[in-house]
Amino acid sequence: MRALLLSLLCLVPGLAAASEAAGVTHDFTAHWIGLTAVVIFVLAYTLVVMEEWLHLRKSIPVLMAAGLIWTLIGLGYAQLGDFHTAGETVRHSLLEFGELFLFLLVAMTYINTLEERGIFDALRGWLVSRGFSLRTLFWLTGLLAFFISPVADNMTTALVMASVAMAVGKGHPGFVVVACINIVVAANAGGAWSPFGDITTLMVWQKGVFPAHEFLALFLPSVVNWLVPAAIMSYSLPKATPEALQVRPEVLRGGYLVIFMFIGTIALTVSLHSFLHLPPALGMMGGLGLLKLYSYYLNQTGKAMQNSLIERGGLASSDSDAQPLNVFDQVARAEWDTLLFFYGIIMCVGGLGTLGYLALGSEVLYVDLGPTVANVLVGVVSAVIDNIPVMFAVLTMFPDMSDGQWLLVTLTAGVGGSLLSVGSAAGVAVMGQARGVYTFFAHLRWSWAIALGYAASIAVHFWVNKALFLLH
């Protein structure tokens, strides 16, 4: 019975985690405290999965679960007369979240600023006003999603490209479906070969598993992951060229420069981490300070322009040159539910690891099954359950694997969510945008083609990166 329970726990992402900061000094896996903590986590994550039907924010159950689990851990160690281990271990989990939180907060602020300045509207307007054929737009939106998502988050990228597909595909629901699937797959695949393209790749990079440039080894497997299903789906596209839409959105003052500032912030972050071994969050926070300074410049010069017009007897300008930029507003628009969800997951997983599930989970997944099978399974599981707790569990277990195997789990965790529409943030977001057209079952009809791309990308990774499977 216990062996069956442990096997099930290892298949539920996050239950096979443990803290590295303070080694497990007492095994609670068969204790009522450990089993109660597992039940709490499973119940909380069940509520997360049911968010769409319950309309209960996903952060709420995991925040409550984290508090309860760590209370149980503190109680368990207190009964043993140990009043230090629980506190030391929880601080390690807090540090892990703190670094991830600051990095993501800055990235989200930059993306929100680009959206507020009209950059994404301008890109969308350019695409729908060119009179491209449906086939050209299918490939163009997929290509842009693949190359934008490594810098911007895959959800924002997918939403922008999907809005293009919906705008030009009116009257062609078949095109909208395959275009949305293509965009979701491309956005997820594009994020897999960049340390900034997905939360899972960011966690791998911040953990120091390998340097930023080594993610480029996944470029070709990621391309294959996208191209295989895209090529198959392209045969179902209607041969039509819709009339160009007259859309001319305006980019607000400073918008283009913010793009280069974002790229510069990422370059600074990589440099500080690679050469000085400083936490990535430090470089990102420096970039946030630069953005705030630039917003101050824009606002001050904008006021001067307004005053100059009034002094000359004219009306105050309402065009893009005088629009103020409030960076604090963009910080407030961050995905706080997502950020708090990350906190809850990291604290829950860290707590369950402290209870002693690391050795058991590592034994079942990476010894009994082997690293290749385990890493491929991670991708399949991430199509059903969020890939973030999956990857955090693997990183906390930290099995002894070659660089090739670590790249494999980075790839599968990043692209496995494409197998189902609910398997990634990009897919869920696009389903909400194209409600009634791009649905779970519409995506499911093409899952076999996406699975072929998934298998092909793994095969290509073993082929082109075979030397990395010998490196630790």
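Which residues make a nonpolar surface patch of about 480 Å²? Leu47, Val49, Met50, Trp53 and Leu54 make the patch. The model is predicted: local features need pLDDT of at least 70, side-chain atom pairs count only at pLDDT 80 or more, and totals for chains, interfaces and linings use all residues. Residues are numbered from 1 along each chain as its sequence is written, and side-chain values use heavy atoms, with hydrogens and water left out.

**Figure 1. Overview of the fold.** The protein has 21 helices and 0 strands. Helices (H or I, at least four residues) and strands (E, at least two) are DSSP runs, numbered from the N terminus. Of the 472 residues, 54% count as buried. Buried means under 20% relative accessible area, exposed over 50%, and partly exposed in between (1.4 Å probe, protein chains only). The protein exposes about 20,200 Å², and carbon and sulfur atoms supply 68% of that area. Accessible areas come from the Shrake-Rupley method with a 1.4 Å probe; for residues, only the protein chains shown count as cover. Among contacts with a separation of 6 or more, 82% join residues 24 or more positions apart. Contact means heavy atoms within 4.5 Å.

**Figure 2. The nonpolar surface patch.** Helices α2 (32-49) and α3 (51-54) each supply at least two residues of the patch. Leucine 47 sits in α2. With a relative accessible area of 33%, leucine 47 is partly exposed. Patches are made of residues with over 30% relative accessible area and no salt bridge; like charges are joined within 9 Å, nonpolar side chains (Val, Leu, Ile, Met, Phe, Trp, Tyr) within 5 Å.

**Figure 3. The largest nonpolar core.** This core has 139 residues. Phe175, Phe342 and Tyr366 touch the most other members. A nonpolar core is a set of buried Ala, Val, Leu, Ile, Met, Phe, Trp, Tyr and Cys residues joined through side-chain atoms within 4.5 Å. Not counting residues up to four places away in sequence, phenylalanine 342 touches Phe97, Leu100, Leu104, Ile199 and Ile388.

Figure 4. Aspartate 337 forms a salt bridge with lysine 58, and their closest N and O atoms are 3.3 Å apart. Aspartate 337 lies in helix α15 (residues 336-368) and lysine 58 in the loop between α3 and α4 (59-79), so the pair ties together parts that are 279 residues apart in sequence. Both aspartate 337 and lysine 58 are buried. A salt bridge is a side-chain nitrogen of Lys or Arg within 4 Å of a carboxyl oxygen of Asp or Glu. By this rule the count comes to 5 salt bridges.

Figure 5. Arginine 117 forms a salt bridge with glutamate 116, with the closest N and O atoms 2.7 Å apart. Arginine 117 counts as buried at 0% relative accessibility, whereas glutamate 116 is partly exposed at 26%. Arginine 124 forms a salt bridge with aspartate 121, with the closest N and O atoms 2.1 Å apart. Arginine 124 and aspartate 121 are 3 residues apart in helix α6 (residues 119-128), so they are separated by about one helical turn. Arginine 124 is partly exposed at 24% relative accessibility. Aspartate 121 is also partly exposed, with a relative accessible area of 35%.

**Figure 6. Leucine 355 in helix α15.** Leucine 355 has its place in α15. At a relative accessible area of 1%, leucine 355 is buried. Beyond residues up to four places away in sequence, leucine 355 touches His26, Asp27, Phe28, Thr29, Ile33, Gly34, Ala37 and Ile73. Leucine 355 and alanine 37 are 318 residues apart in sequence, yet 8.8 Å apart in space, C-alpha to C-alpha.

**Figure 7. Serine 194 in a loop.** Serine 194 lies between α9 (173-192) and α10 (199-207). This serine counts as buried at 7% relative accessibility. Leaving aside neighbours within four places in sequence, serine 194 is in contact with Pro150, Thr201 and Phe215.

Figure 8. Helix α18 (residues 403-415) has 13 residues and should span 18 Å at 1.5 Å a residue; its end C-alpha atoms are 18 Å apart, which agrees. The expected span is 1.5 Å times one less than the number of residues. In α18, 13 of 13 residues are buried. Alanine 455 lies in α21 (residues 447-464) and counts as partly exposed at 43% relative accessibility. Alanine 455 and valine 376 are 79 residues apart in sequence and 9.1 Å apart in space, C-alpha to C-alpha.
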